[in-house]
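Thanks for coming. Please have the sequence and the model open while I talk.

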Amino acid sequence: MELLSTNVCFAGEHRRYRHTSATLECTMEFAVYLPPAAVGSNPQKVPALWWLSGLTCTDQNFMEKAGAQRKAAELGVAIICPDTSPRGVNLPGEDDSYDFGSGAGFYINATQQPWAPHYRMYDYVLKELPQLVESELPLTDRRSISGHSMGGHGALICALRNPGLYASVSAFAPIAHPTVCPWGQKAFKGYLGDDPASWEEWDATLLIPKTSERLPLLIDQGTADGFLESQLNPEALVTACERYNHPINLRMRNGYDHSYFFIASFIDDHLNHHARALGLS
């Protein structure tokens with residue numbers, strides 16, 4: 001891990017790192033916020049909230065716009081913010097559109113060429129990066145996970161596919177049923193191929209009947225979100241949860257859109273939710 005920068009923030013530290021990823025076969029950058037207890041001459045190990053960002057984002061969007069550090073410092077929780085895709089692997093078409101390729105890894109493991117060797121963001125955020133940061137930084141192995149939009153989709157599938165790995169899960173405006181929306185269909189066809197059956201294991205709504213752990217889902221969704229009707233489909237996720245008795249708390253936030261103004265308005269609620277599950281409050 002190469003330290004790129006560090007900033008003192010609410011008596012903790014915001015750091016950016018670079019490392020070479022064996023999973024993605026490229027160099028990756030990511031951010032970490034360490035609360036006050038985890039820095040200084042006698043750092044204590046703390047649990048972490050993993051934040052997965054949305055389309056076009058890097059690690060910097062959340063850390064600079066969400067305003068999460070004040071509450072994270074108060075609660076004593078770290079925040080880990082990976083990038084959203086491999087970068088600079090020079091695949092044909094990787095920079096042609098905002099919703100496929102660079103900045104749009106969708107937190108799945110690609111099976112189609114030329115994407116398969118690099119676009120394995122699921123394994124990266126689930127296995128490689130946690131192993132790295134938990135071995136190098138004062139972090140416990142207690143994790144919670146959250147995210148926004150494409151990253152909300154990523155948070156949901158990581159939790160639903162891995163019972164017991166996360167203490168809690170939440171999402172802001174997640175792509176809740178990607179197999180039936182344009183963003184998801186474009187990404188899944190490109191990364192996974194033409195057979196929709198191969199897409200199902202990456203769709204939170206379709207995973208609800210199969211998961212062996214009924215980890216409560218906390219979801220905030222703005223009513224003025226321009227992507228709500230065409231891309232996000234929270235009602236499908238709610239219907240699946242009701243059918244299979246999976247706890248879900250979908251909070252429709254009147255007048256809020258898809259932006260970081262929305263996330264910043266309710267991020268403290270989510271941090272409190274995760275802190276309780278992690279035994280911090």
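I begin with E25, which is exposed at a relative accessible area of 51%. Exposed means over 50% relative accessible area, buried means under 20%, and partly exposed is in between, with a 1.4 Å probe and protein chains only.

Some housekeeping. This is a predicted model, in which local features need pLDDT of at least 70, side-chain atom pairs count only at pLDDT 80 or more, and totals for chains, interfaces and linings use all residues. Residues are numbered from 1 along each chain as its sequence is written, and side-chain values use heavy atoms, with hydrogens and water left out.

Where is E25 found? The answer is the loop between β2 and β3 (26-34). Helices (H or I, at least four residues) and strands (E, at least two) are DSSP runs, numbered from the N terminus. β2 and β3 form a hairpin with 4 residues between them, and E25 in the turn has a positive phi of about 55 degrees. As background, most residues other than glycine have a negative phi, and most peptide bonds are trans.

F10 also has a positive phi, near 50 degrees, and is not a glycine. F10 sits in the loop between β1 (2-9) and β2 (12-21), and is partly exposed, with a relative accessible area of 40%. As for peptide bonds, Q113 and P114 are joined by a cis one, with omega about 0 degrees. P114 belongs to the loop between β5 (78-81) and α3 (121-136).

That loop also holds H118. Is H118 buried or exposed? H118 is buried, with a relative accessible area of 12%. Leaving aside neighbours within four places in sequence, H118 is in contact (heavy atoms within 4.5 Å) with L24, E25, P86, V89 and L91. So the list of contacts of H118 brings us back to E25.

Now the strands. Two strands pair if DSSP finds at least two bridges between them. β2 and β3 run antiparallel and are joined by 9 bridges; R18 has E29 in β3 as its bridge partner. β3 also pairs with β5, in the antiparallel sense, over 3 bridges, and there Y33 stands opposite I79. Because 7 of its 9 residues are buried, β3 is largely enclosed by the rest of the structure.

Next, the interior. A nonpolar core is a set of buried Ala, Val, Leu, Ile, Met, Phe, Trp, Tyr and Cys residues joined through side-chain atoms within 4.5 Å. Which residues touch the most other members of the largest one? They are F62 and Y191, out of 93 residues. Residues that F62 touches, not counting those up to four places away in sequence, include W51, I79, C81 and Y260.

In helix α8 (residues 234-243), the buried residues include P234, L237 and C241. The buried residues of α8 pack against elements including α4 (150-161), β8 (217-222) and β9 (248-253).

Last, the whole chain. Its secondary structure comes to 9 helices and 9 strands. The radius of gyration, taken over C-alpha atoms, is 18 Å, close to the 19 Å that the globule rule (2.2 Å times the number of residues to the power 0.38) gives for 281 residues, so the chain is as compact as a globular protein of that length. Of those 281 residues, 59% count as buried.
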